[in-house]
Amino acid sequence: MTCLLSVDDLVVQYHRPGAPPVRAVAGVSLRVRAGEAVGLVGESGCGKSTLARAVCGLTRPVAGRITYDGTPVRPLRMRRRDPALTGVQMVFQDPSGSLNPRRRVGTQLADGIRAAAERGEAAQGTTPEDLLRRVGLPAGAAERYPREFSDGQRQRIAIARALGARPRLLVGDEPISALDASAQLEVAMLMRSLAIESGAGLLFISHDLSVVRLICDRIAVMYLGRIVETGPVAEVWGDPRHPYTRALLAAVPRPDGSGTLPAELPGDVPDPGDPPGGCPFHPRCSRAFDRCHREEPRLIAGGVACHLYAP
Ligand SMILES: Nc1ncnc2c1ncn2[C@@H]1O[C@H](COP(=O)(O)OP(=O)(O)OP(=O)(O)O)[C@@H](O)[C@H]1O
Ligand code: SF4
Ligand SMILES: [Mg+2]
C-alpha cells in the first residue's frame with residue numbers, strides 16, 4: 001500500500017506568557033496509507049487536535065517532517081496553498097466551523113468541486129446533488145441553508161463538501177462527538193466508506209474507542225504529546241500492551257454494562273508544559289519500575305513505547 005502521509009519526529013509547541021512552552025506534540029511519527037483508516041485516541045489534552053492541525057498545515061511545527069506522497073510540507077510555507085496540502089481536507093467537531101451559514105449548501109459544495117478541478121483532479125460530472133446523494137441527503141438540500149438541517153445532517157454536508165475536493169487524506173477531528181448518539185456511528189461509517197472507496201486515507205480522531213474499533217484499520221494511542229502504542233486495531237484491541245492503552249480500553253463500556261474508569265488509571269493528565277521525567281506515564285502507571293523514572297521509553301518496532309517491552 002502506498003504511504004500517503006508520513007509524519008516523522010514532529011514537535012509542536014504553544015507559548016504561554018511566564019510559563020514554559022507546552023509541547024503539545026512531542027516527537028510523533030505516524031503513517032497513513034492510501035485506503036487506510038487510522039484512529040487517533042487519547043485523553044483530552046494529549047495533543048490529538050494539535051497533531052491534526054499540523055498535518056493539515058494549520059499549525060507550524062518547530063521540528064520534524066510531514067510529507068505527502070513523498071513531497072515535504074515545508075514549515076515556512078505551512079499554508080493551505082502549499083501544493084503538498086491541497087489534497088487534505090478536515091472535518092471538525094462542529095460543522096458550523098466548515099460551513100458558512102449565509103450561503104446555500106449547493107454553492108458551498110460547488111466550492112469543493114472547483115478546488116478539485118483547479119488541481120486537475122478528474123471531478124467530471126460531479127455535482128453538488130451527487131455529493132448530497134453520497135452522504136444520504138436529498139438533492140433538494142442544495143437549495144437550502146445550513147441552519148435548516150440537524151447537527152447530524154450538517155455534518156453530512158461538511159463531509160460532502162470535503163469529499164467534493166477529492167481529498168487524498170480526510171482528517172476528522174472528533175467529527176461525531178457533537179452528534180446525537182443515534183447519528184454517531186452512521187456518520188463515522190459514512191466517513192470511512194466514502195474516504196476508503198475513493199482511495200483516500202482517513203485520520204479519525206475520537207474519544208469513542210468503540211467507534212474507532214469498528215471503522216479503523218489501525219489505531220495510534222497518544223499520551224502527553226507522544227504516541228505510546230500503535231498497531232492494527234484487532235491486535236491492539238485483542239492484546240493491548242502499553243499500560244495506558246490497557247487502562248483506556250478497560251474504560252470502554254461493554255454491552256453487559258461493565259467498564260468504568262479503572263482503578264489502575266489514577267489521577268489526571270499532568271501539565272504538558274511540565275511533563276514528568278522518564279516515562280511521562282510513570283506517575284499513573286501501576287507497573288512502573290526504576291528505569292521508568294529515569295529514562296523515556298521509545299516507540300519500538302513492535303509499536304509500543306514502554307520499558308516492559310524493551311529489548
Ligand atoms: N492555542 C493554544 N495555546 C496554548 N496551549 C494550547 C493551545 N491549544 C492547545 N493547547 C494545549 O496543548 C495541549 C494539547 O491540546 P490539544 O487540543 O491538541 O489536545 P486534544 O488531544 O485535541 O484534546 P481534546 O480531546 O480535549 O480535544 C493541551 O495541554 C492544551 O491545553
Ligand atoms: S515505561 Fe514504565 S511507567 Fe511507562 S508505561 Fe511502561 S511500565 Fe509504565
Ligand atoms: Mg481536540
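This is a predicted model: local features need pLDDT of at least 70, side-chain atom pairs count only at pLDDT 80 or more; totals for chains, interfaces and linings use all residues.

Analyst: Helix H4 covers residues 151-164.

The next point is how much of the helix is covered. Of the 14 residues of H4, 11 are buried, so the helix is largely enclosed by the rest of the structure. Buried here means a relative accessible area under 20%. The buried residues are Gly152, Arg154, Gln155, Arg156, Ile157, Ala158, Ile159, Ala160, Ala162, Leu163 and Gly164. Two arginines, Arg154 and Arg156, are on that list, as are the glycines Gly152 and Gly164.

The structure holds 3 aromatic pairs. In one of them, Tyr223 and Tyr244 have their ring centres 4.6 Å apart and 55° between the planes, an arrangement classed as tilted. This pair links distant parts of the chain: Tyr223 belongs to strand E9 (residues 218-223) and Tyr244 to helix H8 (residues 243-250), 21 residues apart. Tyr223 has a relative accessibility of 2%, so it counts as buried. Tyr244 also counts as buried, because its relative accessibility is 0%.

Tyr244 has a further partner, Phe281: the two ring centres are 5.3 Å apart and the planes meet at 70°, so this pair is edge-to-face. The cut-off behind that label is an angle over 60 degrees. This pair too links distant parts of the chain, with Tyr244 in helix H8 and Phe281 in the loop between H8 and helix H9 (290-294), 37 residues apart. Phe281 is buried, as is Tyr244. Taken together, Tyr223, Tyr244 and Phe281 form one aromatic cluster.

The charged end of Arg241 sits over the ring of Tyr309, 5.5 Å from the ring centre.

Leu185 is part of helix H5 (residues 181-197). Its relative accessible area is 31%, so Leu185 counts as partly exposed.

Key:
Residues are numbered from 1 along each chain as its sequence is written. Chains are lettered from A and ligands numbered from 1 in the order in which they are written. Side-chain values use heavy atoms; hydrogens and water are left out. Rings of Phe, Tyr and Trp (its six-membered ring) pair if their centres lie within 6.5 Å; planes under 30 degrees apart count as stacked, over 60 as edge-to-face and the rest as tilted. Helices (H or I, at least four residues) and strands (E, at least two) are DSSP runs, numbered from the N terminus. Buried means under 20% relative accessible area, exposed over 50%, partly exposed in between (1.4 Å probe, protein chains only). A charge sits over a ring if NZ of Lys or CZ of Arg is within 6 Å of the ring centre and within 35 degrees of the ring normal. The expected span of a helix is 1.5 Å times one less than its number of residues.
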